[in-house]
Amino acid sequence: MAYCKNCGMQLNNDSNVCPNCGTYNAPNAETQQYSQPYQQTQYAPPKTEPMAIASLVMGILSLVTYYGAILLGILAIVFARSAKQKIADSNGRREGLGMAKAGMIMGIIGLAVWGAIILMAIGLVSCAGLLM
């Protein structure tokens with residue numbers, strides 16, 4: 001048995017209009033359908049790609065460490081390329097492109113600096129050998 005939502009008077013089964021106050025009362029199926037609150041989809045902010053963070057850390061370490069700097073520079077470049085690819089494939093669900101680029105740049109600089117140091121050391125050793 002249905003009741004008027006405005007005045008509470010009992011309604012006939014075949015009537016949607018209250019005979020007492022004239023309020024339109026939707027059938028029960030429609031009332032139940034719209035009685036639940038609208039649920040909004042939550043937006044998840046993009047997450048930072050872990051490979052971008054690793055690239056940045058490896059790039060920094062390749063500049064400030066002595067032992068393993070060449071290996072760290074190579075790892076920074078490899079991780080940066082992997083991170084850039086994963087970020088591009090994520091359709092906006094991942095971020096960190098700036099960190100990946102910075103890690104790659106520092107990895108390249110670290111390799112160049114340590115490569116230059118090694119070449120200078122080889123040059124000094126060979127020059128010292130010629131002088132003797």
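This is a predicted model: local features need pLDDT of at least 70, side-chain atom pairs count only at pLDDT 80 or more; totals for chains, interfaces and linings use all residues.
The expected span is 1.5 Å times one less than the number of residues, and helices are DSSP runs of H or I with at least four residues, numbered from the N terminus. Residues are numbered from 1 along each chain as its sequence is written. Local features need pLDDT of at least 70 and side-chain atom pairs pLDDT 80 or more, while totals for chains, interfaces and linings use all residues; side-chain values use heavy atoms, without hydrogens and water.

Which residues of helix 2 are buried? They are Ala52, Ser55, Met58, Gly59 and Ser62, where buried means under 20% relative accessible area (1.4 Å probe, protein chains only), exposed over 50%, and partly exposed in between. These residues lie on the same side of helix 2, because they cover an arc of only 125° around the axis, taken from the directions from the helix axis to the C-beta atoms. An α-helix has 3.6 residues a turn, so residues three or four places apart point the same way.

Leaving aside residues up to four places away in sequence, serine 55 touches Ala76, Phe79, Ala80, Ala100, Gly103 and Met104 (contact means heavy atoms within 4.5 Å).

Turning to helix 4 (97–131), isoleucine 117 lies in this helix and counts as partly exposed, at 36% relative accessibility.

Definitions and conventions. Helices (H or I, at least four residues) and strands (E, at least two) are DSSP runs, numbered from the N terminus.
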